[in-house]
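User: Please take a close look at one part of this model. I want to know which residues hold one contact together, and then what surrounds that part.

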Amino acid sequence: MENIRIRRFLSTCISLGFFFIFGTSYAFSEENPQKFYVPQSIQETSVSKTKMVKPGEEIPDWVARWELARVLSYTKRYDESITEYERVLKEKPDLVDAKVELAKVLFWKGDDKTAIKILEKIPPKNITGDTKVLMADLFVTQKDYGKAEPLYRAHLNSHPEDRAVRLKLAEMLSWQKKYDASLAEYKKILKAQPDDIQVRRRYAFVLIWAGRHSEAALELKKTLN
Amino acid sequence: MRRYVVILILIAAALFTTVAYHLFKPDWVIFRKGEGYFAKKEYSKAIPYYARLLKDGFEAPKLLSHFGTSCVATGDFGKAITIFEDIIKQSPDKLSAVKELANIYVIFGRFKKAVMLYQTFLEDQPDNTYVRILLARALTWSGRFEEAIVEYKAALGE
């Protein structure tokens, strides 16, 4: 009997304790409020002394350095940009996007070979559509068309509406004398953009190279109308 | 009998504490309500609480930033700008408002104004690398790359 009383008493105390803590939780949960100046648009009273802006908002150095590397590349300070990218990658070697950007900067600088080396080290699963296109562009500059074609095609499989890339593929195929494949790509572009005179002229030239002169003449005539 | 007295006293104490807190710390109660909605991303519901607190001259560490974020989330930029501009007009040394307003200007794409505000902030707190990077970003987005580079390097201590 005594035990039951004690239990009841304890459970009551625990419940009340919980209630008490709940009721006072606000008081323990925050810093002391500080009054400060009130905007005039709200009321006419004023002012308090400012305090320092709270800490805790931080941007890691490597993020700032990465952004710096980008901005340096915008101003064509490629060597400095590359240095900054390398410093970022030294600290964060798994940053695939930074590697891709570094490759781009190297490409802009004219160092295609190093750019390709960097991109080839990236695991294929981490290579996005844009990176595939960049890699393909780099392979084209090296005249390594065999490696470029599957990359362009992979990108076009997922982005069939990307006519700029399709045009690159069509041009590259024509340089390889794969005229039928090239013309097929041109046809797809012209189906979507029938009024694009420049593309139609290129299409006509490929027809000429393929020995289909009468068709080429017709296409060229269309561009003159 | 004594046990019931103790229980009653505890109940009274708990009730008294709760009521007293609501009476003497109403701003914090309102702030907590606003924060509750903010945490649930119900920004439009949080705004009236934050606005009321500002009206009452209340200040808490996250009030301005959460109010600014809520206004941005609900697209009520005009209200946020008016309030922050007034804060700065009345109290130019109110740096948190300066920064929040600059952040909102950035969202609006008004980089020139944002840059000026970040620079104002940095005059007072030149060692605040966070805001210096925000300044560098605003300069970048406004196409002022050379100045952005200077700020980034300064933020990195170079």
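Analyst: What follows starts with one contact and then widens out.

This is a predicted model, so local features need pLDDT of at least 70, side-chain atom pairs count only at pLDDT 80 or more, and totals for chains, interfaces and linings use all residues. Residues are numbered from 1 along each chain as its sequence is written, while chains are lettered from A and ligands numbered from 1 in the order in which they are written.

Start with chain A. Its secondary structure is 11 helices and zero strands. Both are DSSP runs numbered from the N terminus: helices are H or I with at least four residues, strands are E with at least two. Along the sequence, chain A reads α-α-α-α-α-α-α-α-α-α-α.

Now the close look. Helix H4 of chain A covers residues 96-109, and helix H5 of chain A covers residues 112-121. Their axes come within 8 Å and cross at roughly 165°. (Axes are lines fitted to C-alpha atoms, for helices over the stretch in contact; angles run from 0 to 180 degrees between N-to-C directions.) H4(A) and H5(A) are therefore roughly antiparallel. (Over 145 degrees counts as roughly antiparallel, under 35 as roughly parallel, 65 to 115 as roughly perpendicular, and the rest as oblique.) H4(A) passes H5(A) in a left-handed crossing. (Left-handed means that the near helix is turned anticlockwise from the far one by less than a right angle; right-handed means clockwise.)

Which residues make the contact? H4(A) brings A:Lys99, A:Leu102, A:Ala103, A:Leu106 and A:Phe107. H5(A) brings A:Asp112, A:Thr114, A:Ala115, A:Ile118 and A:Leu119. (Two residues are in contact if their C-beta atoms, placed from the backbone, lie within 7 Å.) By class, this contact has seven nonpolar, one polar and two charged residues. (Ala, Val, Leu, Ile, Met, Phe, Trp, Tyr, Cys and Pro count as nonpolar, Asp, Glu, Lys and Arg as charged, and the others, Gly among them, as polar.) An α-helix has 3.6 residues a turn, so residues three or four places apart point the same way.

Next, the loop leading in. A:Leu95 lies in the loop between helix H3 (78-91) and H4 of chain A. A:Leu95 counts as partly exposed because 16 C-beta neighbours lie inside 10 Å. (Buried takes 20 or more other C-beta atoms within 10 Å, exposed 12 or fewer, and partly exposed is in between; C-beta atoms are placed from the backbone.) Leaving out residues up to four places away in sequence, A:Leu95 touches A:Val88 and A:Leu89.

Other loops of chain A follow. A:Lys143 sits between helix H6 (129-141) and H7. Its phi is positive, about 60°, although it is not a glycine. A:Lys143 is exposed, with 11 other C-beta atoms within 10 Å. A:His159 is in the loop between helix H7 (145-158) and helix H8 (163-175) of chain A. With 16 C-beta neighbours inside 10 Å, A:His159 is partly exposed. Its C-alpha is 8.3 Å from that of A:Gly129, 30 residues apart along the chain. A:Lys177 lies in the loop between H8 and helix H9 (179-192) of chain A. A:Lys177 has a positive phi near 65° and is not a glycine.

Over chain A, 29% of the 225 residues are buried.

Now chain B. It has nine helices and zero strands. Of its 158 residues, 42% are buried.

H4(B) passes H6(B) in a right-handed crossing. B:Leu64, B:Ser65, B:Gly68 and B:Val72 of H4(B) meet B:Ser96, B:Ala97, B:Glu100, B:Asn103, B:Ile104 and B:Ile107 of H6(B). By class, that contact has five nonpolar, four polar and one charged residues.

Last, where do the chains pack? Helix H9 (residues 145-155) of chain B has buried residues B:Ala148, B:Ile149, B:Glu151, B:Tyr152 and B:Ala155. Down the axis of H9(B), they fall within an arc of 165°, so they line one face of the helix. (The arc is that of the directions from the helix axis to the C-beta atoms.) These buried residues pack against helix H2 (61-74) of chain A together with helix H8 (129-141) of chain B. Just after H9(B), B:Gly157 takes a positive phi of about 75°.
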